[in-house]
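Colleague: I would like a close look at one part of this model. Please keep it short and plain.

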Amino acid sequence: MLYYALAGLLLGIFLGVYSSIALPPQYTKLLFVVVMAGLDTVLGGIYAAMCGKYDTEVFVSGFFINGILAVILCYSGNMLGIDLYIVGVLVFGMRIFRNLALIRRLYMGK
């Protein structure tokens with residue numbers, strides 16, 4: 001299972017580096033918040049797996065729902081002229097650091 005994840009990561013990095021797809025500058029904020037939402041979900045899944053509470057359905061649904069809601073939040077903020085992506089960055093940033101702290105504590109056995 002870990003080999004699939006590593007293969008997907010390497011394939012994604014390879015495609016990202018060597019593809020000629022250009023993202024318009026106005027969408028970079030949306031992409032950044034979506035990446036943070038995905039990272040938050042992945043770290044939450046790692047923590048759940050370390051606790052023995054991992055559920056694939058919860059992980060996959062959380063991954064897509066977090067990303068979709070992040071895009072909706074940022075896009076609606078752009079349409080209203082408000083920088084709501086900052087809210088997403090703050091919330092997902094706090095959750096990422098919390099998940100990392102919990103993973104570190106479990107890894108260290110404390």
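In what order do the elements of the chain run from the N terminus on? Then please tell me about α2 and what packs with α2.

Modeller: This is a predicted model, so local features need pLDDT of at least 70 and side-chain atom pairs count only at pLDDT 80 or more, while totals for chains, interfaces and linings use all residues. Residues are numbered from 1 along each chain as its sequence is written, and side-chain values use heavy atoms, with hydrogens and water left out.

From the N terminus on, the order is α-α-α-α. The chain has four helices and zero strands. Both are DSSP runs numbered from the N terminus: helices are H or I with at least four residues, strands E with at least two. The C-alpha trace spans about 45 × 30 × 25 Å along its principal axes.

Now α2, which covers 28–51. Start with its packing on α3. The angle is about 155°, and the axes are 9 Å apart. (Axes are lines fitted to C-alpha atoms, for helices over the stretch in contact; angles run from 0 to 180 degrees between N-to-C directions.) The two helices are therefore roughly antiparallel. (That label needs an angle over 145 degrees; under 35 counts as roughly parallel, 65 to 115 as roughly perpendicular, and the rest as oblique.) The crossing is right-handed. On the α2 side, the contact includes L30, V33, V34 and A37. On the α3 side, F59, G62 and F63 are among the residues. The contact divides into 11 nonpolar, seven polar and one charged. (Nonpolar means Ala, Val, Leu, Ile, Met, Phe, Trp, Tyr, Cys and Pro; charged means Asp, Glu, Lys and Arg; the others, Gly among them, are polar.)

Next comes α4. Here α2 packs at about 25°, with the axes 9 Å apart. That makes α2 roughly parallel to α4. Their crossing is left-handed. The contact has 19 nonpolar, four polar and three charged residues.

Last, the pocket beside these helices. α2 gives the most to the lining of the second largest pocket, with six residues. (On a 1 Å grid over the protein atoms alone, a pocket is an open set of points where a 1.4 Å probe fits, with protein on both sides within 12 Å along at least five of seven lines; lining residues have an atom within 4 Å of a point.) There are 16 lining residues, and G44, G45, A48, V58 and F59 lie nearest the centre. α3 and α4 also give two or more residues each.

Terms used. Left-handed = near helix turned anticlockwise from the far one by under 90°. Contact = heavy atoms within 4.5 Å.
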